[in-house]
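Please report on this protein chain, from its surface to its aromatic rings. Keep it brief.

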Amino acid sequence: TGVIFVSVVLFFALSSSAFSSSQYRYAVKQGLEVYFGHISYIDNEKSQPIVYKEGQIGPEYAVLNFPVAPGNTVRTDSDGRCEVQFDTGAILRLEENTQVRIETILAQTLSSRNKLTNLILEKGQVYVMYKSYMIQELFQIMTPNAALNMDQNSVAVVNLNEDGSTDIKVLQGRTFV
């Protein structure tokens, strides 16, 4: 009886893995490095952040672990904040009434071996904790009149004022404006 039971279990285990591998399809080209972020924190569940995806007609309400990618815009309203955590380890906190467009995440640069991450602050204030675990990265927060390049283990607050000026406060580490 025990031999029959083990044989049946082994048969189903082997046949299900063979069946699943034939049904599996890559969403992107195999071997292509693709980096994303995700919503890692929402402070007010009644005021979910909104994500506009490039090429999509309407926005989507974000929930925890909602993926964000290059071309997406994340927006908070007056009642909520959220955090986006990137695959590289960087964390971006959007304060109330903030909008950030994710232009690139670890895109290959033309002039160096570094990979480029550009985040465009279009409105409001962000708190950024930059850490890259494995790849040499050029990490920037950009506004209409400034670009903040952050060094490893840096923490900064970037505020885009109503008059279009930018305030930057470096809390830890080193940055270049």
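## Surface and burial

Of the 177 residues, 38% count as buried (under 20% relative accessible area; exposed is over 50%, partly exposed in between).

This is a predicted model: local features need pLDDT of at least 70, side-chain atom pairs count only at pLDDT 80 or more, and totals for chains, interfaces and linings use all residues. Residues are numbered from 1 along each chain as its sequence is written, and side-chain values use heavy atoms, with hydrogens and water left out.

## Fold

Contacts are heavy atoms within 4.5 Å. Among contacts between residues at least 6 apart in sequence, 45% join residues at least 24 apart.

## Aromatic pair

A search of the whole structure finds one aromatic pair. The ring centres of tyrosine 130 and phenylalanine 139 are 4.6 Å apart, with planes at 25°, so the pair is stacked. Rings of Phe, Tyr and Trp (its six-membered ring) pair if their centres lie within 6.5 Å; planes under 30 degrees apart count as stacked, over 60 as edge-to-face and the rest as tilted.

Both partners are buried: tyrosine 130 has a relative accessible area of 4%, and phenylalanine 139 is at 1%.

## Strand E13

Valine 170 lies in strand E13 (residues 166-172). At 38% relative accessibility, valine 170 is partly exposed.

Definitions and conventions. Buried means under 20% relative accessible area, exposed over 50%, partly exposed in between (1.4 Å probe, protein chains only). Helices (H or I, at least four residues) and strands (E, at least two) are DSSP runs, numbered from the N terminus.
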